[in-house]
Amino acid sequence: MEELGVNNPLIGVVAIGLGDAARVYYNFRERDLYEEAIRRNEAVLTADGALCAVTGQHTGRSAKDKFIVRDSHTDGHIWWDNNKPMSPEHFGILHKDMLAHAAGKELFVQDLVGGADKENQLPTRVVTELAWHSLFIRNLLIRPERSTLVEFQPKLTIINLPSFRADPARHGCRTETVIACDFTNGIVLIGGTSYAGEMKKSVFTALNYLLPPKGVMPMHCSANVGPAGDSAVFFGLSGTGKTTLSADPSRTLIGDDEHGWGEHGIFNFEGGCYAKTIRLSAEAEPEIYATTKRFGTVLENVVLDEAGVPDFNDASRTENTRCAYPLHFIPNASDTGRAGHPKTIIMLTADAFGVLPPIARLTPEQAMYHFLSGYTAKVAGTEKGVTEPEATFSTCFGAPFMPRHPAEYGNLLRDLIAKHNVDCWLVNTGWTSGAYGIGHRMPIKATRALLAGALSGELKKAETRIDPNFGFAVPVAVDGVDTKILDPRSTWSDASEYDAQAKKLVAMFITNFAKFEDHVDHTVRAAAPSANIAAE
Ligand SMILES: Nc1ncnc2c1ncn2[C@@H]1O[C@H](COP(=O)(O)OP(=O)(O)O)[C@@H](O)[C@H]1O
Ligand SMILES: C=C(OP(=O)(O)O)C(=O)O
Ligand SMILES: [Mn+2]
């Protein structure tokens with residue numbers, strides 16, 4: 001076996017059972033990974049020097065193929081209603097088979113860190129079959145000083161072999177694709193998919209398991225901080241605007257997707273961002289757009305023309321086209337990945353029913369209700385004439401990544417909100433003037449203007465009305481924002497249709513919350529939207 005690059009001499013791949021690999025590239029940097037990826041036809045250069053790869057069949061996460069090893073250490077701590085168990089025996093066979101599959105192959109290793117807070121960091125070794133995956137994860141996680149790599153000691157090892165095919169009968173999984181997490185031994189095995197997001201979300205899942213017992217709240221959120229040190233976090237499911245809205249030239253970006261909140265404040269789990277590029281425009285998202293034109297950025301499933309120029313309007317491979325870049329590609333990004341306790345919490349939702357107002361102030365109890373509910377809506381399929389959106393309730397705004405019971409995360413958040421007296425807002429970045437198919441998406445400009453008011457504290461002074469369906473306080477007028485959009489009912493051509501749609505949405509919230517009723521006190525139950533009022 002040939003070994004190239006910088007590595008801890010004691011922690012080679014031989015120690016983790018990969019001694020039969022043909023060649024190992026340790027901690028290769030951007031230029032060298034470009035060369036390897038292009039030489040192997042894994043990826044191509046764009047006209048502006050970014051690296052563009054195509055993932056084939058899997059263009060998003062395979063949530064149904066994710067498993068957690070159930071053993072005596074994990075059993076009592078995992079929320080099994082939401083996570084699929086895998087036996088240690090099945091994991092053992094999968095592990096052995098994947099190591100055997102790697103024999104004779106060339107592998108890439110990156111020694112990185114999850115967690116910008118020294119006391120809560122997870123040194124992570126990522127072994128990949130693909131050179132472009134090595135560059136992706138190097139962009140996404142925190143890169144330790146090169147001089148420290150000779151003593152790097154991983155606590156989590158991810159082995160990602162897209163060409164491996166899992167066998168449900170032999171490995172106890174569901175399909176040929178598998179994401180298997182063994183938290184007891186700190187190993188994640190990924191096979192049968194080359195969607196790069198699986199790697200970063202595996203680190204997130206591990207930290208979501210490890211941090212709560214230390215009193216640290218892990219969050220599926222973006223974060224930024226104002227000039228006065230006033231930090232804000234933006235919770236939200238995929239597509240609700242975490243990445244887009246946290247890149248704000250008037251504030252310092254902490255991170256776009258995964259953070260912890262501990263006794264000293266908030267900290268990023270990552271060292272890079274993973275932005276959507278579908279219909280990306282230089283006007284609406286100049287900072288993110290600029291990253292797509294740089295050496296070092298990885299584009300995923302973006303269509304290029306014959307000159308290598310990206311066409312961000314082309315969704316022929318997937319709607320989920322992406323770019324991955326290190327944090328410092330965004331001007332004014334934090335170089336520590338840390339900030340003080342948040343002054344503001346924003347809960348983002350993309351309501352495709354067109355019911356929720358663009359912004360509403362939440363009491364701490366309403367914040368808890370919406371955190372546990374984790375509502376957003378997906379737009380209807382691409383079939384013509386299908387206009388009914390689909391509601392998604394994903395607790396903690398990230399159910400696929402939460403190994404523990406939502407009450408554990410909910411209690412941590414409730415205490416932090418109370419202790420630090422945090423202002424909470426619900427922001428709808430979804431539809432207005434009618435549901436999806438009739439109305440249109442909330443203009444990013446309007447969302448940004450409302451957020452600016454919420455983050456500065458100005459919006460707290462605005463006159464408000466109480467929403468009759470949801471019970472939260474909604475500003476009546478805001479400088480620089482069309483007054484009409486603040487009251488979604490007034491944007492619909494038929495107010496009675498709005499009322500009917502609102503009533504349906506309220507009923508969906510209530511049905512979904514039934515499973516949490518026994519886990520919250522009466523004040524949170526009382527923060528539920530009122531089906532009775534909606535029925536009037
Ligand atoms: N009002 C809005 N606020 C935020 N994003 C919007 C808005 N309108 C349209 N979008 C688009 O929605 C997508 C939001 O995605 P993103 O920021 O990546 O979400 P997340 O990081 O939460 O998955 C982007 O493609 C953005 O251009
Ligand atoms: C990386 C992902 O996160 P998000 O869409 O929230 O940016 C994902 O869901 O695959
Ligand atoms: Mn994002």
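Mentor: Let us start with Tyr-195, which is found in the loop between β11 (187-191) and α5. Helices (H or I, at least four residues) and strands (E, at least two) are DSSP runs, numbered from the N terminus. This is a predicted model, in which local features need pLDDT of at least 70 and side-chain atom pairs count only at pLDDT 80 or more, while totals for chains, interfaces and linings use all residues. Residues are numbered from 1 along each chain as its sequence is written, chains are lettered from A and ligands numbered from 1 in the order in which they are written, and side-chain values use heavy atoms, with hydrogens and water left out.

Trainee: What makes Tyr-195 count as buried?

Mentor: Its relative accessible area is 4%. Buried means under 20%, exposed over 50% and partly exposed in between (1.4 Å probe, protein chains only), so Tyr-195 is buried at its 4%.

Trainee: Which residues is Tyr-195 in contact with, leaving aside its neighbours within four places in sequence?

Mentor: Among them are Thr-55, His-58, Arg-61, Tyr-274, Glu-300 and Arg-322. Contact means heavy atoms within 4.5 Å. Arg-322 itself has its place in strand β21 (residues 322-326) and counts as buried at 8% relative accessibility.

Trainee: Which residues does UniProt list together with Tyr-195 as "binding site"?

Mentor: The unreviewed UniProt entry gives Arg-61, Tyr-195, Lys-201 and Arg-322 under that name. UniProt positions follow the numbering used here, feature names are shortened, and annotations may be inferred rather than shown by experiment. The entry also lists Lys-201, His-220 and Asp-257 as "binding site".

Trainee: Are Lys-201 and His-220 buried or exposed?

Mentor: Lys-201 counts as buried at 10% relative accessibility, and His-220 is buried with a relative accessible area of 2%.

Trainee: What makes the pairing of the His-220 and Lys-201 side chains a polar contact?

Mentor: The contact is at 3.2 Å. A polar contact is a pair of N or O atoms within 3.5 Å; within protein, one must be able to donate a hydrogen and the other to accept it, and residues adjacent in sequence count only if both atoms are side-chain atoms. The 3.2 Å of this pair therefore falls within the limit.

Trainee: Which polar side-chain atoms come within that limit of ligand 2?

Mentor: Arg-61 has one that lies 2.8 Å from an oxygen atom of ligand 2, and Lys-201 has one at 2.8 Å. For Ser-238, a side-chain N or O atom is 2.4 Å from an oxygen atom of the ligand. Taken alone, ligand 2 exposes 290 Å², and the protein buries 97% of that. Such areas come from the Shrake-Rupley method with a 1.4 Å probe; for residues, only the protein chains shown count as cover.

Trainee: Which residues come nearest to ligand 1?

Mentor: Of the 17 residues around ligand 1, they are Gly-239, Lys-242, Thr-244, Lys-276 and Glu-285. Polar side-chain atoms of Lys-242 and of Thr-243 each lie 2.8 Å from an oxygen atom of ligand 1. The protein covers 90% of the 570 Å² of accessible area that ligand 1 has on its own.

Trainee: Which element gives the most to the shell around ligand 1?

Mentor: Helix α6 (242-246) does, with four residues. The shell around ligand 1 divides into five nonpolar, eight polar and four charged residues.

Definitions and conventions: Near = heavy atom within 4 Å. Nonpolar A, V, L, I, M, F, W, Y, C, P; charged D, E, K, R; others polar.
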